[in-house]
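This report is for a reader meeting the structure for the first time. Please keep the sequence and the model side by side while reading.

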Amino acid sequence: MSELLHGPLFAITLTLLAYQGAMFVYTRSGRLALFHPTISGATLIAAALMLLQQDYHAYYQNINWLTFLLGPATVALAVPLYRQLHLLRNMAGPLLITVTVGAIFASASALIIAWLFGANHSTLLSLTTKSITTPIAITVTQDIGGVTTIAVASVILTGVVGITTVTWLFEKLDIQDDRLWGFCLGLSAHAIGTSRAFERSPVAGAFSSLALCLTGTFTAIFVPFAARWFM
Amino acid sequence: MLAGFLSLIGCQLLGEFIQRALGLPLPGPVIGMLILFIGLCIRGDVPKDLEIGSQRLIELLPMLLMAPAAGVFFLGAGFADQWPAFIAAVTLGTLCTLVFCGLLIRFLHGRTDKDRKDRA
């Protein structure tokens, strides 16, 4: 009986079930950012694993089949990016400058704060990719010798902080243009921010995925080089 | 939809191959994304199969990210002393990044808008 709990069938069922539960909670809560499916789903999975006394790493191995899809999903981002190309043409200058400076700022601000709080070497390395989408962050972190779980945790927490604060923050800063709103959210809070931006409007979503692609690509290029230079 | 999926993993495979062949620091799927992007620009439109396939996959992203996210709860005792720095860096860093980018893009965008009006 218990061997069923250790196989991929159980792990994948648990994941799909947690997703359905998370979607239910999310829509019922009126799409409250704190209950975003990635957050509530992850909590449900963790709670189930703890209750059933299952090992997280074994579970993660068992859903390899699902996480494999992160690769083609990253490639798939080329399609919305292509669709938004015409948006970029009008505002190419401001957007490209913001991505370049913003991506460096995102990594550097996290590193400086963590360093001030006395973080160790591997935590610092794992924080450099916090503002980029998980599949890219995982690959880059492995490349520079960080810890994948911490990198993923920082990416997810970044997304959570981004979507829970953006509405209030940008109201205060008086940034209500859907294009700027979406772009900044995609830059700072990657895929989680992008799915939130699509809820605001298709235009915000389009600019958010544009920012996600550009930030991911730019960070993936500069972090490995910067890391080699610093270490 | 399967034909679309084939283009996606085909581009990824090509990306992984180029990454290894040239020893690039860029992840294979990201190179695959750039290849597909260039391909779409050359072709000039998105094939229907690819449109559907990629949309389905992108819709699944929140679910694909749930399992890695659950790892936060299992970081273990070795990470205990790192939590304050970690939380401070991520929350404060993200807030600063949002404010910084928001102000920067508003400044740059406002300026180009004004430039255009000036020229007109």
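## Helix α10 of chain A

In this predicted model, the 25 residues of α10(A) should span 36 Å at 1.5 Å a residue, and the end C-alpha atoms of α10(A) are 35 Å apart, which agrees.

After α10(A) comes A:D174, a residue with a positive phi, near 60 degrees. A:D174 is placed in the loop between α10 and α11 of chain A, and this phi value is found here in a residue other than glycine. A:D174 has 9 C-beta neighbours inside 10 Å, so it counts as exposed.

## Helix α11 of chain A

Helix α11 of chain A covers residues 178-200, which makes 23 residues, but its end C-alpha atoms are only 8 Å apart, whereas a straight helix would reach 33 Å at 1.5 Å a residue. Within α11(A) there is a bend of about 145 degrees, located at A:H190.

Is α11(A) largely enclosed by the rest of the structure or largely open? Of its 23 residues, 19 are buried, so α11(A) is largely enclosed by the rest of the structure.

## Chain A as a whole

Chain A is built from twelve helices and has zero strands, so that its elements, read from the N terminus on, run α-α-α-α-α-α-α-α-α-α-α-α. The C-alpha atoms of chain A fill a box of roughly 60 × 45 × 35 Å along the principal axes. For 231 residues, a compact globule would have a radius of gyration near 17 Å, and the 18 Å of chain A agrees with this.

Of the 231 residues of chain A, 55% count as buried. When contacts in chain A between residues at least 6 apart in sequence are considered, 62% of them join residues at least 24 apart.

## Two further places in chain A

A:Q53 lies in the loop between α2 (37-51) and α3 (56-62) of chain A, and its phi is near 55 degrees, which is a positive value in a residue other than glycine. With 7 C-beta neighbours inside 10 Å, A:Q53 counts as exposed.

A:F225 belongs to helix α12 of chain A, which covers residues 202-230. A:F225 is exposed, with 11 other C-beta atoms within 10 Å. The C-alpha atoms of A:F225 and A:I144 are separated by 9.2 Å, although these two residues are 81 residues apart along the chain.

## Chain B and its contact with chain A

How many residues of chain A are in contact with chain B? In the model, 84 residues of chain A are in contact with 64 residues of chain B.

For chain B, the domain assignment gives domain 1, with residues 1-74, and domain 2, with residues 84-120. The C-alpha centres of domain 1 of chain B and domain 2 of chain B lie 29 Å apart.

Methods:
Residues are numbered from 1 along each chain as its sequence is written. Chains are lettered from A and ligands numbered from 1 in the order in which they are written. This is a predicted model: local features need pLDDT of at least 70, side-chain atom pairs count only at pLDDT 80 or more; totals for chains, interfaces and linings use all residues. Two residues are in contact if their C-beta atoms, placed from the backbone, lie within 7 Å. Helices (H or I, at least four residues) and strands (E, at least two) are DSSP runs, numbered from the N terminus. The radius of gyration is taken over C-alpha atoms; the globule rule is 2.2 Å times the number of residues to the power 0.38. A residue is buried if 20 or more other C-beta atoms lie within 10 Å of its own, exposed if 12 or fewer, and partly exposed in between; C-beta atoms are placed from the backbone. Domain bounds come from an automatic or database domain assignment. The expected span of a helix is 1.5 Å times one less than its number of residues. The bend at a residue is the angle between axes fitted to the seven residues ending there and the seven starting there.
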